[in-house]
Every structure is written in structure tokens, then in C-alpha cells.
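Please read them with the structure open.

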Amino acid sequence: MERGNQTGTFEFLLWGLSEQPEQQRILFLLFLWMYLVTVAGNLLIVLAIVTDVRLHTPMYFFLASLSCADILFTSTTVPKALVNIHSQSRTISYAGCLVQLYFFLTFGDMDIFLLATMAYDRFVAICHPLHYTMIMSFRRCSLLVTACWTLTNFVAMTHTFLMFHLSFCSKKVIPDFFCDLGPLMKIACSDTQINELVLLFLGGAVILIPFLLILVSYIRIVSAILRVPSAQGRRKAFSTCGSHLAVVALFFGTVIRAYLCPSSSSSNSVVEDTAAAVMYTVVTPLLNSFIYSLRNKDMKGALVRIVRGKVSFSWGQ
């Protein structure tokens with residue numbers, strides 16, 4: 001047994017994406033393609049929002065923040081997985097593992113908090129349209145995003161610092177393709193009770209409280225929309241929420257499966273957990289850019305103007 005924080009040469013082994021050698025080349029090309037498309041798609045969304053004055057609204061301000069978080073989120077795990085596949089190595093240093101864990105938790109939780117903030121924005125826009133501009137001022141939006149970053153860093157630091165107190169057996173295999181809380185606690189050689197309790201209460205709160213806030217917001221939104229007299233007005237109101245609802249369902253569905261559903265230590269369970277991790281770390285950030293661009297008329301128009309070279313870098317307050 002070794003104390004991971006007492007040696008600079010301590011390494012973990014990552015289970016990876018597959019144990020089949022013949023699948024490695026296909027997986028490398030597939031994940032490289034998904035990563036490049038994710039980064040390019042989300043960068044285009046940010047560029048479209050920054051350069052188009054018509055998109056200088058709170059909804060798109062939060063969307064730009066979500067796109068930035070998605071780029072950083074997927075960049076925390078996928079490049080290391082690609083390097084390991086290409087080099088046919090599964091190692092990751094103890095320090096590298098904890099750094100990856102910290103940033104993974106930071107950007108993953110940032111996605112959750114931003115989705116809740118975007119639901120609140122839609123609630124104000126639909127339920128309090130006359131006061132929307134006053135309530136969702138640029139200063140208020142900036143404070144909300146800053147609060148999200150502060151909370152995510154606090155949560156990530158708490159979990160990461162608790163990992164310093166665990167002992168790990170040398171060359172233990174992490175049952176995932178990146179360093180995450182659950183897999184790391186499974187291979188710890190010391191008592192993980194405190195870590196498990198913090199993960200249960202703090203981690204559960206990070207997932208469930210934003211999810212409940214989103215649920216309450218949309219209950220209020222649906223109630224308000226159903227009171228709209230015209231069918232066209234109802235369709236327009238629902239259309240502004242469709243993309244966000246699709247992303248919420250996709251992201252929270254996979255996150256809840258990964259973190260709140262118990263799994264065993266069998267090889268089949270490891271495969272299922274890895275598949276769920278791939279869904280919310282790789283597939284969801286990839287699909288977010290398509291959902292928000294293809295389902296949004298204003299966003300499609302802004303992207304077309306970028307392609308045609310008609311851009312302007314002034315930000316409307």
C-alpha cells in the first residue's frame with residue numbers, strides 16, 4: 001500500500017474505453033472526430049453570439065457560457081483518452097489524476113448550474129415578460145454566472161482535497177477512461193466512508209437541487225403557456241424552451257444513471273458505467289451544439305452570417 005500524496009512516481013492504470021485491441025483504432029478515430037466536432041461546434045456558437053447584436057440577450061449569454069463550459073468539460077477527459085489509445089498506454093500519474101478530477105468536477109457541475117440558470121431565465125421571460133429586462137440585467141446575468149463558477153470550484157475542491165486523505169494500492173486499475181470520484185473510491189485501500197458521505201450529500205445536492213429548480217421552473221412555465229389564448233402564442237413560447245429541455249433531458253438522464261444508480265464491480269457493470277460516462281462527457285457536449293443551432297432560427301441566421309463573413313465584434317448591453 002502506498003500513500004498517493006507521498007510519492008511523485010505513483011501511477012494509476014485506466015480501464016479505458018475497450019479491452020479489445022482490434023477496436024482501438026476505430027475508437028481513436030471516432031472519439032477524435034467527436035472531440036473536434038464538439039470543440040468546433042461550440043466555438044461557432046460562442047462566435048455567433050459574440051458577433052451578432054441580435055443575440056446579445058441573457059438567454060444567449062448563458063448559452064455562450066454553457067458552450068465554453070462544454071469545450072472545457074470534454075477537453076478534460078477526451079485528449080488524455082486519445083493519447084492513451086494512440087500510445088497503447090493506460091497510465092496516469094497520481095497528480096495528473098487529481099488535476100483531471102478537479103477540472104472534470106468543476107466543468108461538469110458548471111454545466112448543471114448553467115442549465116438551472118437557463119431554466120430560470122426562461123421562467124422570467126415567459127412568466128414575467130414585462131419585468132424581464134429589469135430582472136435579467138447584464139449585471140444580474142454576470143453575477144449568476146460568477147456564482148455558478150464559485151459554487152463549482154468549491155464543490156470540486158472539497159472532493160479533490162478529500163482524495164488526498166485516501167491510500168491507494170500501486171498499479172490499481174481505475175474502472176473508467178478518466179479519473180472520477182466513484183471509480184477512485186472503488187480502488188482505495190483505506191476507509192472511504194467520509195468521501196462516500198460527502199459524495200452522497202454534496203454530490204446529490206449538486207445534481208438534485210438544480211434538477212428540482214428546473215422542474216419547478218418548467219411547471220410554472222407550462223402553466224403560464226397554457227393560459228395563453230392563441231395557439232400561435234403557445235407554440236412560440238414552447239419553441240423558446242424546446243432546445244433547453246432536450247439538453248436537460250439528455251444531460252440529467254445520463255448523469256443520474258452514472259451517479260445516483262448503484263452499480264456492481266462486475267465487468268458488465270464497468271462497461272455500462274463507461275458507456276454512461278461517454279454519454280455525458282462526450283456525446284452530450286457534442287449534441288448540445290447541434291440542438292441549439294439546428295433548432296434555433298436566430299442561431300442558424302447568425303451562423304450563416306459568419307460563413308458569409310458578415311461579423312461585428314460589438315457587444316450590446
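How many cavities of 30 Å³ or more does a search of the whole structure find?

1. One. Bear in mind that this is a predicted model. The space in the largest cavity comes to about 30 Å³.

2. Which residues line the largest cavity? They are His 159, Leu 162, Met 163, Leu 181, Met 185, Asn 195 and Leu 199. The most comes from α5, which gives three residues.

3. What is the lining of the largest cavity like by class? Five of its residues are nonpolar and two are polar. No charged residue takes part in the lining.

4. Helix α5 also packs against another helix, α2 (residues 58-87): their axes come within 10 Å and cross at roughly 25°. Angles under 35 degrees count as roughly parallel, so α2 is roughly parallel to α5. The crossing of α2 and α5 is right-handed.

5. Where do α2 and α5 meet? On the α2 side, the contact uses Pro 58, Phe 61, Phe 62, Ser 65 and Leu 72. On the α5 side, the residues are Phe 138, Cys 141, Ser 142, Leu 144, Val 145 and Trp 149. By class, the contact of α2 with α5 has nine nonpolar and two polar residues, with no charged ones.

6. To recap, α5 contributes to the lining of the largest cavity. Residues of α5 also meet residues of α2.

Methods: Residues are numbered from 1 along each chain as its sequence is written. This is a predicted model: local features need pLDDT of at least 70, side-chain atom pairs count only at pLDDT 80 or more; totals for chains, interfaces and linings use all residues. Side-chain values use heavy atoms; hydrogens and water are left out. On a 1 Å grid over the protein atoms alone, a cavity is a set of points where a 1.4 Å probe fits but cannot get out, and a pocket is an open set with protein on both sides within 12 Å along at least five of seven lines; lining residues have an atom within 4 Å of a point. Grid points are joined across faces, edges and corners, and a volume is the space filled by probe spheres set on the points. Helices (H or I, at least four residues) and strands (E, at least two) are DSSP runs, numbered from the N terminus. Ala, Val, Leu, Ile, Met, Phe, Trp, Tyr, Cys and Pro count as nonpolar, Asp, Glu, Lys and Arg as charged, and the others, Gly among them, as polar. Axes are lines fitted to C-alpha atoms, for helices over the stretch in contact, and angles run from 0 to 180 degrees between N-to-C directions. Angles under 35 degrees count as roughly parallel, over 145 as roughly antiparallel, 65 to 115 as roughly perpendicular and the rest as oblique. A crossing is left-handed if the near helix is turned anticlockwise from the far one by less than a right angle, and right-handed if clockwise. Contact means heavy atoms within 4.5 Å.
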